[in-house]
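This report goes through selected local and packing features of one structure. Terms are given with their cut-offs where they come up.

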Amino acid sequence: MDISVNTGRCCSSGVCALTAPDVFDQSDEDGTVILLTARPPIAAHAAVREAAELCPSGAIELREHS
């Protein structure tokens with residue numbers, strides 16, 4: 001899995017950081033998403049998928065590997 005985020009689209013809800021805190025954080029300045037790792041371990045994939053689904057602005061993009 002590869003992850004990318006669009007900080008310009010992010011609405012700073014914090015859902016991603018709450019759902020997958022090992023992968024996402026929030027900027028202290030404006031609360032926008034910070035991607036901590038673009039290729040998370042398999043154990044984090046379910047939480048990352050949930051964070052992407054719950055993101056109200058659709059700022060998280062996932063690319064699954066076969």
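## The loop between β1 and α1

G14 sits in the loop that runs between β1 (2-5) and α1 (15-19); helices (H or I, at least four residues) and strands (E, at least two) are DSSP runs, numbered from the N terminus. G14 has a relative accessible area of 7% and is therefore buried, a class that means under 20% relative accessible area, with exposed over 50% and partly exposed in between (1.4 Å probe, protein chains only). From G14 to E64 the separation is 50 residues in sequence and 23 Å in space, C-alpha to C-alpha.

S12 lies in the loop between β1 and α1. Its relative accessibility is 27%, so S12 counts as partly exposed. The phi of S12 is near 65°, a positive value in a residue other than glycine.

## Basis of the values

This is a predicted model, in which local features need pLDDT of at least 70 and side-chain atom pairs count only at pLDDT 80 or more, while totals for chains, interfaces and linings use all residues. Residues are numbered from 1 along each chain as its sequence is written, and side-chain values use heavy atoms, with hydrogens and water left out.

## S27

S27 is placed in the loop between β2 (24-26) and β3 (33-35). With a relative accessible area of 17%, S27 is buried. Leaving aside neighbours within four places in sequence, S27 is in contact (heavy atoms within 4.5 Å) with T32 and I34.

## Cavity

A search of the whole structure finds one cavity of 30 Å³ or more. On a 1 Å grid over the protein atoms alone, a cavity is a set of points where a 1.4 Å probe fits but cannot get out, and lining residues have an atom within 4 Å of a point. The largest cavity has a volume of about 90 Å³, volume being the space filled by probe spheres set on the points, which are joined across faces, edges and corners.

Its lining has 16 residues, of which C10, S13, G14, C16 and C55 lie nearest the centre. Nine lining residues are nonpolar, seven are polar and none is charged; Ala, Val, Leu, Ile, Met, Phe, Trp, Tyr, Cys and Pro count as nonpolar, Asp, Glu, Lys and Arg as charged, and the others, Gly among them, as polar.

## Nonpolar core

The largest nonpolar core holds 15 residues, and I3, C16, V23, F24, V48 and I60 touch the most other members. Helix α2 (residues 45-54) gives the largest share of this core, three residues. Such a core is a set of buried Ala, Val, Leu, Ile, Met, Phe, Trp, Tyr and Cys residues joined through side-chain atoms within 4.5 Å.

Notes:
1 Å grid on protein atoms, 1.4 Å probe; cavity = no way out; pocket = protein on both sides within 12 Å on 5 of 7 lines; lining within 4 Å.
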